[in-house]
Amino acid sequence: MSQFSIAAQSPFSSQLILALSKGRIFEDTLPLLEAAGITVLENPETSRKLILATNDPNVRVIIVRASDVPTYVQHGAADFGVAGKDVLLEHGGEGLYQPIDLSIAKCRMSVAVNAGFDYEKAVRQGARLRVATKFVNTAREHFAAKGVHVDLIKLYGSMELAPIVGLSDAIVDVVSTGSTLRANNLVEVEEIMDISSRLVVNQAALKLKRERLQPILEAFERASKLNQ
Ligand code: ATP
Ligand code: PRP
């Protein structure tokens, strides 16, 4: 088998594939991997490689979009991965075992509007709100539970722009420091839920590769307690 044909690996293989996204999830997962004795040998910020070797010849890291991590793990193209609760709620979590809240990439999912927009009044009067978001399932459920009628506008990024240019009345997006909202003269009017990233494991891999996975999961669990 060539070094590139890892997707079709047998579930009985001793190889483990971990799916991570570049940026904060990769950075925040590195200390957890170190706690499990695993060092990633390449840096995705400087390398164009999508399959990264580690000091353990049986463990490799694949670099995918944050919102694609659950898909790779669900289909067994990766044995395990790290994904935000926001992403998992949109994906639905089918075929995934979610054993550990890693307490990394912490933020919150919120509703924000232009400063000066009377959100409470709009909601009280039963207005039909136009809501722009990447998180359409979460937004739909949130507003349905409140009995607020919404027109959802799916975006893939730069949500903060939508109310400024009149595309929407509100956005649903993740907020951490609040500096992106402030920089764009938006205000947070409602917090929907706290978000952190979870370890997700392919259900078949959990059974068939338990011996290889278990020590890593235990090390992740111990190390993630330090993030709480
Ligand atoms: P994609 O590339 O699939 O569109 P993305 O650009 O949102 O995803 P990241 O920005 O790397 O991906 O975010 C990964 C995860 O980190 C998110 O799913 C969320 O759980 C969390 N997150 C997003 N923004 C922040 C933030 N400002 N502070 C802390 N955590 C965040
Ligand atoms: C995320 C999110 C917000 C911002 C919030 O963007 O989409 O724009 O973080 O963080 P803050 O409250 O600390 O400002 P990110 O940094 O991931 O940029 P991206 O969406 O372009 O990837």
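In this structure, an N or O atom in the side chain of threonine 177 lies 2.6 Å from an oxygen atom of ligand 2. The model is predicted: local features need pLDDT of at least 70 and side-chain atom pairs pLDDT 80 or more, whereas totals for chains, interfaces and linings use all residues. Residues are numbered from 1 along each chain as its sequence is written, chains are lettered from A and ligands numbered from 1 in the order written, and side-chain values use heavy atoms, without hydrogens and water.

**Ligand 2**
- Arginine 24 places a polar side-chain atom 2.9 Å from an oxygen atom of ligand 2.
- For serine 179, the distance from a side-chain N or O atom to an oxygen atom of ligand 2 is 3.3 Å.
- The protein buries 59% of the 500 Å² that ligand 2 exposes when taken alone (Shrake-Rupley method, 1.4 Å probe).
- The residues surrounding ligand 2 include Glu160, Asp173 and Gly178 (a heavy atom within 4 Å).

**Two domains**
- Domain 1 covers 3–106 + 196–227 and domain 2 covers 107–194, with bounds from an automatic or database domain assignment.
- Seven residues from domain 1 and 11 residues from domain 2 make the contact (heavy atoms within 4.5 Å).
- The C-alpha centres of domain 1 and domain 2 are 31 Å apart.

**Domain interface**
- Between domain 1 and domain 2, zero salt bridges are found (a side-chain nitrogen of Lys or Arg within 4 Å of a carboxyl oxygen of Asp or Glu).

Note on methods:
Polar contact = N/O pair within 3.5 Å; in protein donor to acceptor, adjacent residues only side chain to side chain.
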